[in-house]
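Please read the following report alongside the coordinates. It goes through selected helices, domains, cores and backbone details in turn.

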Amino acid sequence: MKRNMTPELLEEKRQEIYATLVDPTLSHEQRVTNLSRAAENMLAVLDEPDGLDELLRCDIDTRCICTLFEGEAPYRPRYICVDFEKFLQTGSDFLQVGPARDFYEALTNLMILYHNIPSITNFPVYVGDLDTLLEPYIGDLSDGEVKRALRHWLNTIDRTILDSFCHADIGPKATRMGRLLMEVEGELENAVPNLTMRVADDTPNDFILAGVQCALKSAKPSFANDKMFRSELGDNYCIASCYNGLYKAGGSYTLCRLVLHNIAKRATGIEDFKQNQLPYVMDIMARYMDERIRFLVEESGFFTHNFLVTEGFIRRENFTAMFGLVGLAECVNLLLEKEGVPGRFGHSEKANELGVEIMDQINGFNNNHYNKYCEAAGGHFLLHAQVGLADDHDVSPGTRIPIGEEPDELVDHLKVIDLFHKYFPSGTGDIFPVDITVHKNPQYVLDIIRGSLGMDIRYLSFYSSDSDVIRVTGYLVKRSEMEKLDAGAAVRQNTTGLGLGASKNCKILDRRIR
Amino acid sequence: MTRAAVNKIIPFSAVDGPGNRTAVFLQGCNFDCKFCHNPETIHTCIHCGVCVPYCQPGALTMAEGKVTYNITKCVLCDECFHHCPYGASPRTRQMTAGEVMAEVRKNMPFIRGVTVSGGECTLWRDFLVELLTLAKGEGLHTLLDSNGTYDFSTDRPLMAVTDGIMLDVKAWTGEDHRRVTGADNAMVLRNLRWLAGQGKLPEVRTVVVPGLFDCEQTVRETSILLRELGCLDTRYKIISYRPMGVRQEYKSLEIPTPEFLTCLAHLAQSYGLTDVVII
């Protein structure tokens, strides 16, 4: 069913647009982005499944499905992961850029391409496997020369890609380029780009330790379990945006999320939740995602006209979509409360078991849902533990234990994580601020990372409890920038605003220090 | 199996040796350091029961003339040992090496090793051999945190399952040492030499308390000795005295300035030590 534009709705949209135009805390770029979103949202071109409206366009306390600002007419994929290797080798006719012949050309060409990659944020969410991508170009250059150029280049990225849902990858092989990149990132303490080190059994300890040292200064890289991702997505995967595992030369059409604790509110108890409410909402969300993908692939023209496709830097066949969820902890706690059963998610065995049962059910549903445009993932979406929104109140990201309720011991926390990370090939992760004394013993973090590789733990982030750059829920912000924004000044990066909201609503500054 | 009085087990520790380790703290010490930050580990409980009424959550009870401790009820308020007239803690568990190892095993594969500390862990020598043998069997790295009063050179079975001993040099001269700890340090320095020769001296520590003993002399002489012994890579931790947890009568000891600590670290480095850390 297509929605109609009522006069009331029109007036509401106009006011929204006006408020955007005059908002002093928005930079010019942020106003333009929000205005384009408002324009898109005037449309009603999607043939929506019946029942969607009531689950999607309602009060935040009852909203069961959320599209995370994607808009009403998807005209570009949410996340695009370009084949940068091919681009550097061949150049691009559209961009009038030739093949890169040296390090400096490679850096410039990449920067040109970055500004021509669409996404939900209008900025690239993936900027390449920067170590192996650039390693072939630095053979003749000294460390000092490479680092000097990298400093300029990374600062340019941070000051022009105005959103920290932007990700670079390194590892699992140790490279000179990877080491130099981490050295420079540790110095710069920039929020953009986010960085992941893929870690495998044969990744050398000193390379991981260089990552830990860098993370204690700049809250990145995070550490991804390479074996786990590879077993699910194959060799050709990357980490984009927050921590999303996606196919290279592809990406994700869309991401919608189930707001599990709001679905639990609809249920009379566990049985009703499992038998009726959850299946009902999942079915509507999946069909809505199907429709969004249909519009994007069949009507928007993106996949027939955009130069990234026509020049072969991305292929539609490598796209899938992300079936997200949020608030498992609150969902489980509410259901147990309704049943009069004591126990909290992350602590009682019963609560964790219920969490696993719910995840099994969602996973089972997804594995039985077929979408013909998700060939790379066997015709399925990929589950995603969504990190939440700045406006979320009392809802924990994905399957995380709520902040303030973390188990006393980190080992017990990790054992809960071990139950849930396996469900999410398109991303999940947990975050640990570590005490300053760990600076003297970074091998402490190394041992935890190494231990995780042997378990079902997918993705871990660490930052020093006293650093300026901190990890909000998946993305990075600077505390100093949040303070500026809080004082009423406009700041460069969109994500600073999200971080500020999250620091107020989601207690991200109160995580238990390990 | 031998039982030991276990004061505490910390599943993940970043401060008890390299990497992530489970730290096991045993009760009882044959030193009486003025700056001790956990003085309740010095003496063993005599089951007088004085602490029991102070235990609000009821974790402590008197049963058959003994103070019994229920760890699941304990809220770690520390009221018990604050009221102990003997400088002991009722919050210990008599555990076999096997029982302790079961606790350690829960933390694998995230830990690289186990560190036994105290109190003074060598007071439980037989237990140590049993526990570390089990740990070695699991492929774990084993360290002891010792005050150095035990003659390690005569204990082959213990040394066979111990990868290293982290030793405190609490003061350089015997006189200073007696003032700080109540005991002599001849054995401590003998151990330092012997362990260095065995390649089993990963770490040496000095707690810096200006005015209590000659800190500069201690750091200098220890550094010179480490250089003579070829232990330039041994980590030397220069630890600031902190009044937290210290007995009331010693809380007024002088806290060193950051400048003084840095000075001492530079002094140690000037003798070629490569891994000097201020804590």
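Predicted model: local features only at pLDDT ≥ 70, side-chain atom pairs only at ≥ 80, totals over all residues.

## Helix α6 of chain B

Four residues of α6(B) are buried, namely V188(B), N191(B), L192(B) and L195(B), where a residue is buried if 20 or more other C-beta atoms lie within 10 Å of its own, exposed if 12 or fewer, and partly exposed in between, with the C-beta atoms placed from the backbone. Residues are numbered from 1 along each chain as its sequence is written, while chains are lettered from A and ligands numbered from 1 in the order in which they are written.

Helix α6 of chain B runs over residues 186-198, and its 13 residues reach 19 Å from the first C-alpha to the last, close to the 18 Å expected at 1.5 Å a residue; the expected span is 1.5 Å times one less than the number of residues. Helices (H or I, at least four residues) and strands (E, at least two) are DSSP runs, numbered from the N terminus. The cover over the buried residues of α6(B) includes β8 (164-168) and α7 (215-228) of chain B, and the helix is followed by G199(B), which has a positive phi near 70 degrees.

In the loop between α5 (174-181) and α6 of chain B lies D184(B), which counts as partly exposed because it has 13 C-beta neighbours inside 10 Å. Not counting residues up to four places away in sequence, D184(B) touches G174(B), H177(B) and R178(B), a contact being a pair of residues whose C-beta atoms, placed from the backbone, lie within 7 Å. The C-alpha atoms of D184(B) and T173(B) are separated by 8.8 Å, with the two residues eleven apart along the chain.

Just after α3(B) comes G139(B), with a positive phi of about 80 degrees.

The assignment for chain B gives domain 1 (3-40 + 96-278) and domain 2 (45-91), with bounds that come from an automatic or database domain assignment. The C-alpha centres of these two domains of chain B lie 28 Å apart, and the contact between them takes four residues from domain 1 and six residues from domain 2.

## Chain contact and cores

The contact between the chains takes 15 residues from chain A and 15 residues from chain B. On the side of chain A that touches chain B, the elements giving two or more residues are α17 (410-420) and α18 (443-453) of chain A, and α18(A) gives the most, with six residues.

The largest nonpolar core has 160 residues, and those with the most contacts inside it are C81(A), V82(A), L258(A), V281(A) and M285(A); such a core is a set of buried Ala, Val, Leu, Ile, Met, Phe, Trp, Tyr and Cys residues joined through C-beta atoms within 7 Å. Helix α12 (residues 270-299) of chain A gives the most to this core, with eleven residues. Apart from this core lies another, of 61 residues, among them A4(B), A5(B), L144(B) and C231(B).

## Backbone details

Most residues other than glycine have a negative phi, and most peptide bonds are trans. The table lists departures from this pattern.

| Site | Feature | Value |
|---|---|---|
| K220(A) to P221(A) | cis peptide bond | omega about 5 degrees |
| G118(B) to G119(B) | cis peptide bond | omega near 15 degrees |
| Q96(A) | positive phi, not a glycine | phi about 55 degrees |
| L76(B) | positive phi, not a glycine | phi near 60 degrees |

Q96(A) is found in the loop between α4 (84-90) and α5 (103-114) of chain A, and it counts as exposed because it has 8 C-beta neighbours inside 10 Å. L76(B) lies in the loop between β4 (66-69) and α1 (79-82) of chain B, and with 11 C-beta neighbours inside 10 Å, L76(B) likewise counts as exposed.

Note on methods
Contact = placed C-beta atoms within 7 Å.
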